[in-house]
Amino acid sequence: MTGDPAGPPLSATERTRHRRLREQGRADRADLFAVLRAGLVAHFGVLVDGAPMVVPTGYGYDEQHLYLHGSVASQSLAGPEPLACVTVTVVDGLVLARSVFEHAINYRSAMIYGTPRAVADPERKLHGLRCLSEHLAPGQWDYARRPSRKELAATRLLALTLDEASVKIRAGPPDDGDSPDARLGLWAGELPIVAAWGAPVPDPGLPAGTGLPEHIGAREGTAVYPAPPPAS
């Protein structure tokens, strides 16, 4: 799902207000959706029995919600749902400066706060699961078998509103080009990370003649992460 880039600006609460490196902060809702679109894994942070637990998980989203799913037996998804923090980060490369102090990482990140609610309505649950499936593997929801009632009952889906979110992006070269270190004669620059989808590997148990779906084959050789934004 793409989300609505024309929505209201991101909230600026005490939790999401940019205090350090404010020049990397973004306030447009379109920037939030751009990070969600680019990422694949979210880190879901929540307190369980008074102890912090951070779970890496796939996610989906629509114009107003982030969706996370898992087994009904999962501790991190067990209710009642406390305040949670979900982060999504895309690493675009290393920034290698002339001094170790100025080294950095080019990245895109989103941090979302909220109280997740369990989605019980079957139609809303299917909608959230479709968002998750289509974000990770576009076209697969219409290709593969849909969840059965038994599978839906065994799946817990959480919805987290996008009302309280913070976005930061760093792009571009090192920041020490106009410092005294620039006269050291050392190489400095960026080391980009370029990831592409490989050739699909069929299940050894596939019957002979089972064709590769076009929506899967079309991803081979394409970029895993959309191109990062240009340096501001």
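This is a short talk on one predicted protein model, from the whole chain down to a few residues.

Let's start with the whole chain. It has 232 residues, and 35% of them count as buried. The chain holds 5 helices and 11 strands. Its accessible surface comes to about 13400 Å². Carbon and sulfur atoms account for 58% of that surface.

Now contacts. Take the contacts between residues at least 6 apart in sequence. Of those, 75% join residues at least 24 apart. Is T13 buried, exposed or partly exposed? Its relative accessibility is 26%. Buried means under 20% and exposed means over 50%, with partly exposed in between. So T13 counts as partly exposed.

Next, strand 7. Please find residues 104–114. Strand 7 is mostly covered, with 8 of its 11 residues buried. Which strands pair with strand 7? Strand 6, residues 84–96, is joined to strand 7 by 11 bridges. These two strands run antiparallel. Strand 10, residues 164–170, is joined to strand 7 by 7 bridges. That pair runs antiparallel too. Here, look for A110, whose bridge partner in strand 10 is V167.

Stay with strands 6 and 7 for a moment. The loop between them contains S99. S99 has a relative accessible area of 16%. The cut-off for buried is under 20%, so S99 is buried. What does S99 touch, once neighbours within four places in sequence are left aside? S99 is in contact with D176 and D181.

Now a hairpin. Strand 2 is residues 42–48, and strand 3 is residues 51–57. They run antiparallel, joined by 7 bridges. V48 stands opposite A51 in strand 3. Between the two strands lie 2 residues, and the whole unit is a hairpin.

D49 lies in the loop between strand 2 and strand 3. Its phi is positive, about 55°, although D49 is not a glycine. Is D49 buried or exposed? The relative accessible area of D49 is 76%. Exposed means over 50%, so D49 is exposed.

Last stop: the second largest pocket. About 280 Å³ of space lies in it. The lining has 21 residues. Which of them lie nearest the centre? They are D92, P192, I193, V194 and P228. Three strands each supply at least two lining residues: strand 6, strand 7 and strand 11, which covers 189–192. Strand 6 gives the most, with 4 residues. By class, the lining has 15 nonpolar, 3 polar and 3 charged residues.

To recap, strand 7 is mostly covered, and strand 7 has bridges to strand 6 and to strand 10. Strands 6 and 7 also turn up in the lining of the second largest pocket. That's my tour.

Key. Residues are numbered from 1 along each chain as its sequence is written. This is a predicted model: local features need pLDDT of at least 70, side-chain atom pairs count only at pLDDT 80 or more; totals for chains, interfaces and linings use all residues. Side-chain values use heavy atoms; hydrogens and water are left out. Buried means under 20% relative accessible area, exposed over 50%, partly exposed in between (1.4 Å probe, protein chains only). Two strands pair if DSSP finds at least two bridges between them. Contact means heavy atoms within 4.5 Å. Accessible areas come from the Shrake-Rupley method with a 1.4 Å probe; for residues, only the protein chains shown count as cover. On a 1 Å grid over the protein atoms alone, a cavity is a set of points where a 1.4 Å probe fits but cannot get out, and a pocket is an open set with protein on both sides within 12 Å along at least five of seven lines; lining residues have an atom within 4 Å of a point. Grid points are joined across faces, edges and corners, and a volume is the space filled by probe spheres set on the points. Ala, Val, Leu, Ile, Met, Phe, Trp, Tyr, Cys and Pro count as nonpolar, Asp, Glu, Lys and Arg as charged, and the others, Gly among them, as polar.
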